[in-house]
Amino acid sequence: MHLVLFLIFGGLCVAGALNLLLQRHPINSALSLIVVMTSLAVLYLLLGAEFLAAAQVIVYSGAIMVLFTFVIMLLNAGKEERTHGSKAAYIVGFPGAAALLGILTYIFLKQSDHLGSAKLGGYLVTTSDLSRVLFRDLLLPFEVTSVLILVAILGAVALARREH
Amino acid sequence: MVVPIAYYLVLSAILFSIGVAAFLIKRNIISIFMSIELMLNAVNLTFVAFAHQWHQVSGQIFVFFVMVVAAAEAAVGLAIIIAIFRTRNTLDVDHVDLMKL
């Protein structure tokens, strides 16, 4: 069951990411990124991270991607054209990314024996476990992030405002 | 039926590599920004997988903070993109080369 779910949603993740890479229109890339993020939420659930799965759907596929699609539609972004700069990126980009993937996969599969395996319902971090750490041990960093978000809001408004 | 943690790590490596490739190949500034988000998500999956492996809550806390910073970064980054589009009237990164030699 776990393996089947992992294969389905892992496959959806990879398919969405490849679609993001291959589509030339930004709105198609944004929609396929939503597929990737929602499938990742299911994978988080399989790994026993229930709060993060909910936060992934709400924050990433909800808030952030709505912001992206909103900006794409606001700026009326069209198809990207091929330029001379993209040719160099093709020559360097694909082998570089493939080499990175090869190295990482080799290391992970080599260390596979030392790593354990995930069972459905094997280890579940409930929201109360998470909040106990977050609001007791890490209260100061949590409060600092609220200041960070406040600064980000002010910065976004100041940057996007039309100057007279 | 069990799934080795290594499979999750390989999946996140695949997603991260696709993100790197998209970051290098894409010419539209919004698409480049989206590939950064893809890379962040891939690293988040690694954090959750290792949190499951070592039975540590702190890995998931780290993902929570990454999400918060990503949300702030998306808001500011998209505001900068709007400002660039307003002054230069293009979203192509090859045309935003004022500081290039």
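This is a predicted model: local features need pLDDT of at least 70, side-chain atom pairs count only at pLDDT 80 or more; totals for chains, interfaces and linings use all residues.
Residues are numbered from 1 along each chain as its sequence is written, while chains are lettered from A and ligands numbered from 1 in the order in which they are written. Local features need pLDDT of at least 70 and side-chain atom pairs count only at pLDDT 80 or more, whereas totals for chains, interfaces and linings use all residues.

**View 1. Chain B, with 3 helices and 1 strand.** Along the sequence the elements of chain B follow the pattern β-α-α-α. Helices (H or I, at least four residues) and strands (E, at least two) are DSSP runs, numbered from the N terminus. The radius of gyration of chain B is 17 Å, well over the 13 Å that the globule rule gives for 101 residues, so chain B is more spread out than a compact globule. That radius is taken over C-alpha atoms, and the globule rule is 2.2 Å times the number of residues to the power 0.38. Along the principal axes, the C-alpha atoms of chain B fill a box of roughly 55 × 25 × 25 Å. Of the 101 residues in chain B, 53% are buried. A residue is buried if 20 or more other C-beta atoms lie within 10 Å of its own, exposed if 12 or fewer, and partly exposed in between, with C-beta atoms placed from the backbone.

**View 2. Chain A, with 6 helices and 1 strand.** From the N terminus on, the order of elements in chain A is α-α-α-α-β-α-α. The box filled by the C-alpha atoms of chain A, taken along the principal axes, is roughly 55 × 40 × 25 Å. Buried residues account for 25% of the 164 residues of chain A.

**View 3. The two domains of chain A.** Domain 1 covers 2–125 and domain 2 covers 126–164; such bounds come from an automatic or database domain assignment. The centres of the two domains, taken over C-alpha atoms, are separated by 24 Å. Their contact takes 4 residues from domain 1 of chain A and 4 residues from domain 2 of chain A. Two residues are in contact if their C-beta atoms, placed from the backbone, lie within 7 Å. On the side of domain 1 that touches domain 2, the residues divide into 3 nonpolar, no polar and 1 charged. Here Ala, Val, Leu, Ile, Met, Phe, Trp, Tyr, Cys and Pro count as nonpolar, Asp, Glu, Lys and Arg as charged, and the others, Gly among them, as polar.

**View 4. The contact between chain A and chain B.** Chain B contributes 59 residues and chain A contributes 75 residues. Strand S1 (3–4), helix H1 (5–25), H2 and H3 of chain B each give two or more residues to the side of chain B that touches chain A. H3(B) gives the most to that side, with 21 residues. The residues on the side of chain B that touches chain A comprise 46 nonpolar, 9 polar and 4 charged.

**View 5. Strand pairing between the chains.** Strand S1 (residues 117–118) of chain A pairs with S1(B) in the antiparallel sense over 2 bridges. Strands count as paired if DSSP finds at least two bridges between them. Val3(B), in S1(B), is the bridge partner of Ala118(A).

**View 6. The largest nonpolar core, with 69 residues.** A nonpolar core is a set of buried Ala, Val, Leu, Ile, Met, Phe, Trp, Tyr and Cys residues joined through C-beta atoms within 7 Å. Ile30(B), Leu38(B) and Val48(B) have the most contacts inside this core. Elements giving two or more residues to this core include helix H1 (2–22) and helix H6 (139–160) of chain A, together with H1, H2 and H3 of chain B. H1(B) gives the most, with 15 residues. Both domain 1 (2–125) and domain 2 (126–164) of chain A give residues to this core, so it lies between them. Not counting residues up to four places away in sequence, Val48(B) touches Tyr44(A), Leu47(A), Ala49(A), Leu52(A), Gly59(B), Gln60(B) and Val63(B).

**View 7. His55(B) and Asn89(B), residues with positive phi.** Most residues other than glycine have a negative phi. Phi of His55(B) is near 55°, and this residue lies in the loop between helix H2 (29–54) and helix H3 (58–88) of chain B. His55(B) is exposed, with 12 other C-beta atoms within 10 Å. Asn89(B) has a phi of about 60° and lies in the segment after H3 of chain B. Asn89(B) also counts as exposed, with 9 C-beta neighbours inside 10 Å.
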